[in-house]
Amino acid sequence: MKSQRKVAVAPAANLGAKNTSTQSLASNAGNDPNMAGNEDWLPPKVLLKPPGQLQLTEPELEEELTRILNANNPHAPQNIARYNNKERVFKASPNVDHFVVHFEFDGYWIYKEKEEEAPEAPPAAETTTESTGTETEGGEGAPPASAAPPAEEEKKQKGPLRNQFNFSERAAQTINNPYRERSTNTEPPPARVFSDTVNQWSIYDAYMEDLQAKEKSDDDKQNILPTENNHNEDAYYKNPELKKAMIIIERMANQNTFDDVAQDYKYWEDASDELGDRKSGSLLPLWKFVCEKEKRKQVTAVCWNPKNTDLFAVGYGSYDFSKQGPGMIACFTLKNPSYPEYLYLTESGVMSLDYHPQHPSFLAVGLYDGSVLVYNMQKKVDGPLFKCNAKNGKHTDPVWQVCWQKDDLDDNMNFFSVSSDGRVAQWTLLQNELIYTDVIRLKFNESGTELVGEDEPLFSLAGGCCFDFHKTIDHLFVVGTEEGRIHKCSKTYNSQYLLSFDAHQMSVYTVRYNPFHGNVFLSASADWTVKLWDHCKDKPLVSFDLNSSVGDVAWAPYSSTVFAAVTAEGKAFVFDLNENKYEPICEQQIVRKAKLTHCAFNPFEPILLVGDDKGTVVSLKLSPNLRKVNNIDCAMIYQQS
């Protein structure tokens, strides 16, 4: 029946019932004689509509809807901000890249129309082809015997392909080194869970407690480095731990900055001291200590701390009566030459300083206006711990020297002071006040044995300039005066001198007892001389002329025969009486266009400090010939000679 149906149905009868696609297939098949009649078996194609398709009317179908297509990428970001280096701000970028690559594949195919694909025949083959075509058209004869076979001719016409993508790949595989892993198992840090319930009141109470703690810390922790009356520091510098860390970092930076000086301080030795029988020595300049705030002040006092080997105090003031003003105390350390560790401002110029030998944090200070102060460096306060006034025994003239003594029977600390008003006073530190006692009033007389009367005129009092206590006999001391005389006194006799020395022609600036042999002392004066005395004799053992006003003299702490002196010409002299009894073994120019005012030996290291009237303190290292240790009595040296 199937075959009958095929025969009965004509192909033309079904053409009207077929759709366009069927007709196209029939038309394509009609061109091929082998395909005639083969479209009869195709089923009719019916258009399928989804069940939810919208039914439109004819006007709606004929309506034209215009859509504009653009090349903008709807997914491109519109809020890109880039940093503008010129204006130093972030700005929105209006240029957005809308180019989108949906698919990309690198292939090796080429177009046929390109020149690389077209074969390039050689010129000889073209000539042969043309000649052959001409003879064929003219009907004259056969092709020449020399013509190449068609296969060979076709092979020659296929020239080399010029493909720019034609390349060769070469690769080599090397042996990969094996990986090594190393791991360590550690215990995890301990964790603790903290939980609490807070409300508005607990938060308020916490803030109030923090505010009260800050106010209390501001009251307790006052700055010890005042630069102004109202000194304010940065908040981060008030933290004591951070402050200590910053000080250490500052010291390390200064040590790197002055590394060459530090190396000289630790390791340098003058090799010339070992040449032959050379007895002279030299002074090597090390650090310079300058306080920028008091450049115009003079160095009026220098004192080493008895416990901290690198710490010393410097007093700034003025010896000129017409250039008086506020003074300052600066405590420097060899670890930081650039800035002092402590700074204290005073109302008047500082004239003298002294550290307590048993309590190194206590510092006694004498001022130009006659006041005496006591500072405790452990207390973080700006002002002094004790201060005298006019009601409790203040001097009427500058206090030229202060000196601590042993504690009294009640274990109260006490110190002595001497002033130009003729008084030598003792000051005792009680719990809340400073008590004074006049030890002696200096009287200007020739014999020095008469009693000091109460009705004597004012001009009869001698102005004291310096004093020093015997190292083994506590009650004995000598006092130098402005008239050039030196008096030996006792704390138990406040009305007369034990002995008077007609010492110098001008003011006596310094007297120093020998730390090894107590009967010997030195005196330095403005009359250019330094004299060595035995306090039991009224005549000097020897006199040294230094050709300039002598500002200060100091015994070396390591030898009984070595002492140093500084002069107004800026020179420093070092004597060793065991090597040369009459001449210095070292004479060196320290400063130019300045006067040296004070000097002090370090009690632990071979370092000498000298200060000048420009506010500069220079540290000097003694060469080996200047620090020979001996314990010879100076008086015996000159008695034998």
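Visitor: What share of the 641 residues of the chain count as buried?
Guide: In this predicted model, 37% of the 641 residues count as buried. The secondary structure of the chain comes to 9 helices and 30 strands.

Visitor: Is T510 called buried or exposed, and why?
Guide: T510 has a relative accessible area of 5%. The cut-off for buried is under 20%, so T510 is called buried. T510 is placed in strand 20, residues 508–513.

Visitor: What makes the link between the side chains of T510 and D552 a polar contact?
Guide: The side chains of T510 and D552 are joined at 3.0 Å. A polar contact is a pair of N or O atoms within 3.5 Å, with one atom able to donate a hydrogen and the other able to accept it, so the distance of 3.0 Å falls inside the limit. Leaving out residues up to four places away in sequence, T510 also touches others, including C466, L522 and V553.

Visitor: Is D411 buried or exposed, and how do you know?
Guide: The relative accessible area of D411 is 63%. Exposed means over 50%, so D411 is exposed. D411 sits in the loop between strand 12 (399–405) and strand 13 (414–419).

Visitor: Why is N547 called partly exposed?
Guide: N547 has a relative accessible area of 48%. Buried ends under 20% and exposed begins over 50%, so N547 counts as partly exposed. The place of N547 is the loop between strand 23 (542–545) and strand 24 (550–555).

Visitor: What is the phi of D411, and what is the phi of N547?
Guide: D411 has a phi near 60 degrees, and N547 has a phi of about 65 degrees. Both values are positive, and neither residue is a glycine. Most residues other than glycine have a negative phi.

Visitor: What makes strand 9 and strand 10 a pair?
Guide: Strand 9 (362–367) and strand 10 share 5 bridges and run in the antiparallel sense. At least two bridges are needed for pairing, so these strands qualify. V365 stands opposite L373 in strand 10. The hairpin of these strands has 4 residues between them, and G370 takes a positive phi near 100 degrees there.

Visitor: How many bridges does strand 10 have with strand 11?
Guide: Strand 10 and strand 11 (386–387) have 2 bridges, also antiparallel. The requirement is at least two, so they still count as a pair. Here V374 is opposite F386 in strand 11.

Visitor: Why are strand 24 and strand 27 said to stand at the edges?
Guide: An open sheet of 4 strands has the order 24-25-26-27, with antiparallel pairing. Strand 24 and strand 27 (586–589) each have a single partner strand, so one side of each is without a neighbour in the sheet. The twist averages 15 degrees from one strand to the next. Strand 26 and strand 27 are joined by 4 bridges, and A572 stands opposite Q588 in strand 27.

Visitor: What makes a group of residues a nonpolar core, and how many residues has the largest one?
Guide: The members must be buried, belong to a set of residue types such as Leu, Ile, Phe and Val, and be joined through side-chain atoms within 4.5 Å. The largest core has 23 residues, and those with the most contacts inside it are L283, I590, F601 and V610. Among the elements that give it two or more residues are strand 25 (562–567) and strand 28 (596–601). A second, separate core has 22 residues, including V261 and I607.

Terms used:
Residues are numbered from 1 along each chain as its sequence is written. This is a predicted model: local features need pLDDT of at least 70, side-chain atom pairs count only at pLDDT 80 or more; totals for chains, interfaces and linings use all residues. Side-chain values use heavy atoms; hydrogens and water are left out. Buried means under 20% relative accessible area, exposed over 50%, partly exposed in between (1.4 Å probe, protein chains only). Contact means heavy atoms within 4.5 Å. Axes are lines fitted to C-alpha atoms, for helices over the stretch in contact, and angles run from 0 to 180 degrees between N-to-C directions.
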